Amino acid sequence: MDMNFTADSSLAPSRWRKVAYGGMQPGYDDNHTDETFLEDMVMNANVVKRNMLKVMQDSVSISQYLCIVFLVVLVWIYTLRSTLNENSLLLLDISLLGSGFIILVLTEEMLSLKRLWNYILNVSFFTTGLFVLAPIYQTLTRSISSDSIWAVTISLLLLHLFLHDYSGSTIRPSGALKNPNLTSCISLNASIVASVFIASRLPSRVHVFATMLFSLQIFLFAPLVTYCIKKYSFRLHLLFSLGLMAVTLTFVYSLHCLLFVLLVGILIFVNVVCPYWLIRIQEYKFEINGPWDEAKLCFDITD
Amino acid sequence: MADLKHRILMVSDFFYPNFGGVENHIYYLSQCLLKLGHKVVVLTHAYGNRSGVRYMTGGLKVYYVPWRPFLMQNTFPTIYGTFPIIRTILLREKISLVHGHQAFSTLCHETLMHARTMGYKVVFTDHSLYGFADVGSIHMNKVLQFTLADVTRAICVSHTSKENTVLRSGLPPEKVFVIPNAVDTAMFKPAQQRLGRDEIVIVVISRLVYRKGADLLVEVIPEVCRLYPNVRFIVGGDGPKRVRLEEMREKHSLQDRVEMLGAVPHASVRSVLISGHIFLNSSLTEAFCIAILEAASCGLLTVSTRVGGVPEVLPDDMIVLAEPDPSDMVHAIRKAISILPNIDPQVMHDRVSNFH
């Protein structure tokens with residue numbers, strides 16, 4: 001069975017076996033490395049080969065969101081300069097809310113009156129709460145200088161962009177699979193705090209309410225709306241993103257030339273340079289699997 | 001050459017009064033070397049009040065260096081801070097060979113590095129399997145590559161462990177020797193009287209943590225108890241997952257069929273083992289499962305998950321292997337119960353005694 005020397009090792013030495021009992025195998029040292037060494041190793045089993053065009057199309061989500069954030073900052077700048085007055089801002093808010101609703105209704109497969117009523121109720125609660133709290137926001141940063149406000153806002157927005165969940169949506173439509181993770185919650189909070197800081201610089205209560213409503217609408221609901229569009233039709237998503245990018249570029253050009261160059265540079269970097277880079281460095285990926293791996297449980301541990 | 005006596009320094013963060021595989025290995029290895037006439041000194045960090053030089057059985061000198069462990073019994077890594085005391089010990093004891101244990105021990109890595117700086121011959125033994133993908137493993141593998149770049153020889157406890165160590169550290173495979181762990185068969189003898197067959201007792205002794213597959217036990221035990229009314233379980237060991245096992249026991253009302261013993265001291269392991277017919281091991285990763293060998297030495301048939309180095313430990317007629325999946329394990333237990341009548345504990349014990 002395990003040590004039958006007499007049976008088969010009369011002339012030829014017995015084959016080396018991968019066993020740890022039975023002491024030293026005759027004819028083989030303890031450091032003998034057989035030809036079967038590492039034969040069970042599997043390399044790069046779960047690695048997906050990427051296609052340049054697909055990666056470029058996927059990176060459009062990132063540049064689309066970047067343009068949305070740029071548009072928000074533009075509106076903030078126009079409001080602070082009083083180029084945009086509070087009534088037109090309120091009009092903008094209401095039209096955005098309305099169009100967002102229409103898009104959600106059109107792209108949702110399972111349309112039910114109950115869910116629509118749920119959305120409307122939530123949004124009205126949210127708006128009322130914001131209206132009530134607007135006076136508090138107005139006096140929040142009265143003692144802080146504008147430069148510090150802008151510095152903090154820009155850093156918070158950068159944090160928001162870094163940690164944002166570009167593939168899904170933090171506010172998930174009911175029935176989505178993944179729970180939001182820690183980084184997407186942090187990014188959402190950063191964007192909300194940035195909007196509060198900017199809104200507190202404004203002169204009147206209505207201004208504050210309109211700006212807060214606008215910023216929070218975009219930061220909370222824009223990912224949801226774009227996620228629904230992407231789910232509905234990829235072509236529509238591409239068209240929408242290209243349109244958004246064109247609009248943003250036009251407005252930024254009319255605002256400041258340097259910002260325009262910066263935005264063009266960032267868009268090219270995100271859409272062209274990064275996919276190419278990713279595909280180049282994928283060749284170096286080395287994933288090792290083998291019999292030494294810790295076994296994965298195939299069931300969920302429910303406590 | 002045969003009568004050249006060495007003076008060996010064993011280094012590890014893990015030693016008595018801690019109990020575990022590595023600790024027992026170092027202790028028994030030192031005792032065997034002492035019997036052969038070599039001199040052995042052990043270096044480890046202080047455990048609570050136990051600091052300074054102590055002597056153990058057979059004249060084994062242990063240096064408990066007064067450093068505080070900071071993470072899971074490891075000393076705080078200071079790289080050069082340990083050099084003075086290690087140099088003092090190496091010169092004072094006129095050491096000729098340094099033997100480090102366990103890749104996870106920072107003291108071992110630092111001592112190996114300092115010993116090689118001073119030109120000593122160095123041997124490293126790796127006792128566990130590690131992954132490649134998570135942050136902790138990546139860092140540890142980098143440290144291992146650095147430390148083992150110059151080691152004289154390395155020892156692994158199973159062939160799977162050798163493959164794993166060679167991949168992680170980049171050592172040439174010829175430098176790595178496979179020397180499996182051994183069990184003291186005089187301590188693990190089967191029961192004097194063979195147990196009756198009307199009730200089948202399955203013994204589980206392990207730390208109840210995720211790595212040792214305690215969650216698999218929670219799924220397997222109720223299923224087996226449902227299928228076989230004459231099967232009883234004895235679960236020894238303690239850990240964070242003990243609560244889940246207790247809950248499982250309550251939920252399926254198995255209080256009279258599943259006995260939970262709590263932490264079992266090493267001296268009483270044999271008495272727990274000989275009260276059973278089958279030993280169940282459900283770990284998710286093992287370089288070399290010495291618990292299986294102890295169980296086989298006591299004459300129990302083993303059912304285990306097919307992970308790591310476990311398939312190499314026992315021949316196929318003493319162990320039934322299963323995938324780490326509850327239904328497959330239940331199937332394996334069924335197979336074990338069916339071949340149980342053919343098992344003779346004394347014959348099994350004699351075979352295990354002849355293994356090494």
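1. A salt bridge is taken here as a side-chain nitrogen of Lys or Arg within 4 Å of a carboxyl oxygen of Asp or Glu. In chain B, the side chains of B:E246 and B:R249 meet in such a contact, at 3.6 Å from N to O. Because they stand three residues apart in helix α7 of chain B, the two are separated by about one helical turn; helices are DSSP runs of H or I with at least four residues, and strands are runs of E with at least two, numbered from the N terminus.

2. The model is predicted, so that local features need pLDDT of at least 70 and side-chain atom pairs count only at pLDDT 80 or more, while totals for chains, interfaces and linings use all residues. Residues are numbered from 1 along each chain as its sequence is written, chains are lettered from A in the order in which they are written, and side-chain values use heavy atoms, with hydrogens and water left out.

3. B:E246 is partly exposed at 28% relative accessibility, whereas B:R249 is buried at 16% (buried is under 20% relative accessible area, exposed over 50%, partly exposed in between, with a 1.4 Å probe and protein chains only). Salt bridges with shared partners join B:D238, B:R242, B:E246 and B:R249 into one network.

4. A further salt bridge, 3.2 Å from N to O, pairs B:D215 with B:K241; it links helix α6 of chain B to the loop between β12 (231-236) and α7 (242-251), 26 residues apart. Both B:D215 and B:K241 are buried.

5. B:E286 and B:K212 form another salt bridge, at 3.1 Å from N to O. B:E286 lies in the loop between β14 (278-281) and α9 (290-297) of chain B and B:K212 in the loop between β11 (200-205) and α6 (214-227), so the pair ties together parts 74 residues apart in sequence. B:E286 counts as buried, at 11% relative accessibility.
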